[in-house]
Amino acid sequence: MTVQTAPAAEVTALPPVHRGGRATVLGLTGTAAVLLAMAALPYLVESGVTAQLVKLCYLVALASMWNLLAGYAGMMSMGQQAFIGLGAYLLFIVNDHGVNVYAGTLVVSAVVALLAWPVSYLAFRLRGGYFAVGTWVIAEVVRLIVVRFDSLGAASGRTLSDVTADPVLRRAFTYWLALAVMAAAVLGTYAVLRSRLGLSLQAIRDDDTAAGSLGVNVTRGKRIIYITAAAGCAAAGAVICVNSLGVASPTQIFGVQYSALMVFMVIIGGIGTIEGPVVGAIAYFLLDKYFAQSGVWYLIVVGAAAIVVSLYLPRGLWGTLAHRTGFAVFPVRHTVRL
Amino acid sequence: MTWLNAILQGVLLGGIFAMAAAGLSLVFGVMRIANLAHGDLMILGGYVASVTAAHYGVPVPVTIVVSMVAVGALGYLVQRSMLDRAMGIGELAPMLVTFGISVIIPNVLVQVFSSDAQPLPIGSLGTASIDLGGGLAIGWFPLITVAAAVAVLSSLHLFLYRTQPGRIVRATSDDRAVVRLMGVDNRRVYALTSVIAFATVALAGVLYTMRQGGVTPFEGQLTVLFAFETVIIGGLGSLWGTLAGGVVLGVAQSVGAQISPDLPLLAGHVVFLLVLVFRPQGLFGRSVLA
Amino acid sequence: MSTLLRVDSVDAGYGDFQALFGIDLDVAEGELLALVGANGAGKSTLLKTIAGALKPFRGTIGLAGEDVTAEPDIRRARKGVCLVPEGRRLFPSLTVEENLQVGAATGRKGPWNLAKVYEAMPLVADRRTRKAARLSGGEQQAVAIGRALMGNPRLLLLDEVSLGLAPLVVDQLYTALPGIRAEGATVILVEQDLNRTFAVADRIACVLEGRIVLTGTAAGLTRDQVTAAYFGTGAFPEVKTP
């Protein structure tokens, strides 16, 4: 009896599946180069430039977090300001206990992640638009509770008690902190999406009922993302707090404007892509830098732009470009080469 | 007696919330759109009334009609020009459009009318009340708002359950593709729904403005929360639940204010979250036997 | 007999997927045509294309001599093309009577109204105040047919009437068919059961992989011919009806 060799052709006949490949290497090398160049900036340019870039950094971080929520897990939160505000206010507490603000940012993110876990059970009772408003209400509740503590400055905000005394050093440190938070947010998103969780997430976003029936643990995946995004927003909140040496008013740091901002950046840049929020944040940063002094009109234009882009360019700036050219700095899609 | 009075005032406040929530609930029920601009539309309704009264000398009761017509017409335009298209794109797009509108409305109001409160005086009606004895009094105006809320919700109910257009609206809510096989243009149903919802929320906005004595541009950020909370507390898809939800929220806020002047908002939100934890389908949400 | 429906070299499908290839089909006024074919052959797609719920890639659809290819489902419904969709698709939160009333939204005058539907289908009359969500499969199908009748159809399209129903229930549904035809409606129905098909149809068209491979009068076709066309086995010369 002759043993036939397995028809190897049938096995190898499966077309190879690629994910990024050389593009990944290029993208990551490029990103690393940009981050290194940015890290060197305090030695190269005056502190006014880096001070502005701090804002860009936390905008990118915030946009990435909202994109993770809405673009990958289908959760349109209007209440991320809860975690931004908590990040800032918890930083007061750890700072009061002698932890420096830079290490404190890490501590604060971890604490907020812990807090977000029970909160998610509350928020997940709602879906879609009701989820959006539910998270907003939660943020309001957090604000209303925080302002009841006199030690936190009650309704009038407060300043950080212990920051680096030397202004030049402080600015550099603040900038590096912001840069680190941004890098963590963007690269963290990339890592999450390349993981097994990322695949489940995209299934959830496309059809959570179907994903659930195929054995994807929908709620667990969403919860992980919700908690991650809370931690990211808290870190951004801490950066905002360090950058302005405190919080001007709880109404501001817990303001729904932050959520509005995040929505805007993600929509403009392109929801559901890693690069989109970065592009959106840069677009908003430039708009804000050059047009913010035109006051109210500028906000009207921002609102109108959000409408126009969601109606006529639903993939956003980056998404449209990537769709037409197939280009990605952070490839997460699997491509079958035939 | 002050407590009883607080509860009574809360019930009366609930009428306005219920009216505002009815439109929100309708739009969500028929088009599955969570209208984030709902609170701002309410405030816009107040502005229309205030401005027509102050600048054009229109009698205050007539301003209610003007506001409902103007905001209702805006509803038609918004639905036709933006939301129809957005609904074809996906679930997120309509919400983003309403989000954009919610940014535009208050900023346009600031630009045109400044941040100052726009008054809408209702004269002696604002203070007139029926004395129930023992320090308990019901203001005429709050009473009117509750009557108006009951009237609006009843009319909506009659429309939806007793008329052919109403039945078609409900059928469209159930299955938008199948009504087309019966010759119904689902987009016209959406337009009708939006007009009704926008006009109702304008009415709620005018009454709210009258109650507060005036209106400021950014109040929509609060009222949108109240409207959503009312819908959820009452239970989705139940108009009478909406009335109950409004009353519960109104009483919570009013009793909260009685405890401490800085508590009404927190008390309202906490009641909402409690309902969410212990009765997520809402007080009168559809049970299995709908 | 005049032609009510003329389908002329229609290609149709969903996005990149083509389900129908060069369909030609004529249906005369007052006729009952049965579409026979395996699951996925394209019968439902054909009915949707006729109803206007699906726009064909190519070809034309004529109704009573008028080209209606460009008209959407809404306008065709008002012209009397009424589809009973696959899966019944009742409005679950509405009562049976309300479902029927919405069916009248085509605004067409004709023999059918609530009383007449209840008379033709006593099963529906008994359930008139019940929510559609709480009906059995057979009851739902009866209401779905009644709802389409309320639109006073000229051309009634019935998709998979007996799918998932007990034979006894299907018998009950079919007893209403002569009454419906007597009121002048032309009918196209999709039916899997060949016995029933031969019993009710004037003409039969077999659909195989998106093409009509066999048409003929019920009297002029044999079961073997239809079975062969159903499974795509053997040769089947196109049989044309005069």
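In the predicted model, the interface between chains A and B brings 35 residues of chain B into contact with 30 residues of chain A. On the side of chain B that touches chain A, two or more residues are given by each of the helices α3 (60–89), α4 (92–113), α9 (220–234) and α11 (264–278) of chain B. Of these elements, α4(B) provides the largest share, with 13 residues. By residue class, this side of chain B divides into 27 nonpolar, five polar and three charged residues. Two pairs of chains touch in the model, and the most contacts are found between chains A and B.

Chains A and C, by contrast, are joined by no contact, and their closest C-alpha atoms lie 18 Å apart.

For chain B, the unreviewed UniProt entry places the feature "transmembrane region" at several spans, among them residues 95–114 and 222–251. In the model, residues 95–114 of chain B are 95% helix and 0% strand, with the end C-alpha atoms of the span lying 28 Å apart. Residues 222–251 of chain B are 87% helix and likewise 0% strand, but here the end C-alpha atoms are 17 Å apart.

Chain A contains 15 helices and four strands, and buried residues account for 44% of its 338 residues. Among the contacts in chain A between residues at least 6 apart in sequence, 79% join residues at least 24 apart. The mean pLDDT of chain A is 83, with 90% of its residues reaching 70 or more. Over residues 1–12 of chain A, however, the pLDDT is below 50, and this stretch has zero contacts in the model beyond near neighbours in sequence.

In chain C, six strands form an open sheet of mixed pairing, arranged in the order β6-β7-β8-β3-β9-β10. The edge positions are taken by β6 (81–84) and β10 (211–217) of chain C, each of which pairs on one side only. Neighbouring strands of this sheet are turned by 15° against each other on average, with direction ignored.

Helix α1 (residues 43–51) of chain C is largely enclosed by the rest of the structure, because nine of its nine residues are buried. The buried residues of α1(C) include the lysines C:K43 and C:K48 as well as C:L46, C:L47 and C:I50. The residue that follows α1(C) is C:G52, whose phi is positive, near 90°.

Notes: Residues numbered from 1 in each chain as written. Chains lettered and ligands numbered in written order. Predicted model: local features only at pLDDT ≥ 70, side-chain atom pairs only at ≥ 80, totals over all residues. Pairing = 2+ DSSP bridges. Axes fitted to C-alpha atoms, helices over the stretch in contact; angles between N-to-C directions. Contact = placed C-beta atoms within 7 Å. Nonpolar A, V, L, I, M, F, W, Y, C, P; charged D, E, K, R; others polar. pLDDT = per-residue confidence, 0-100. Buried ≥ 20, exposed ≤ 12 C-beta atoms within 10 Å, placed from the backbone. UniProt positions renumbered as here; feature names shortened; annotations may be inferred.
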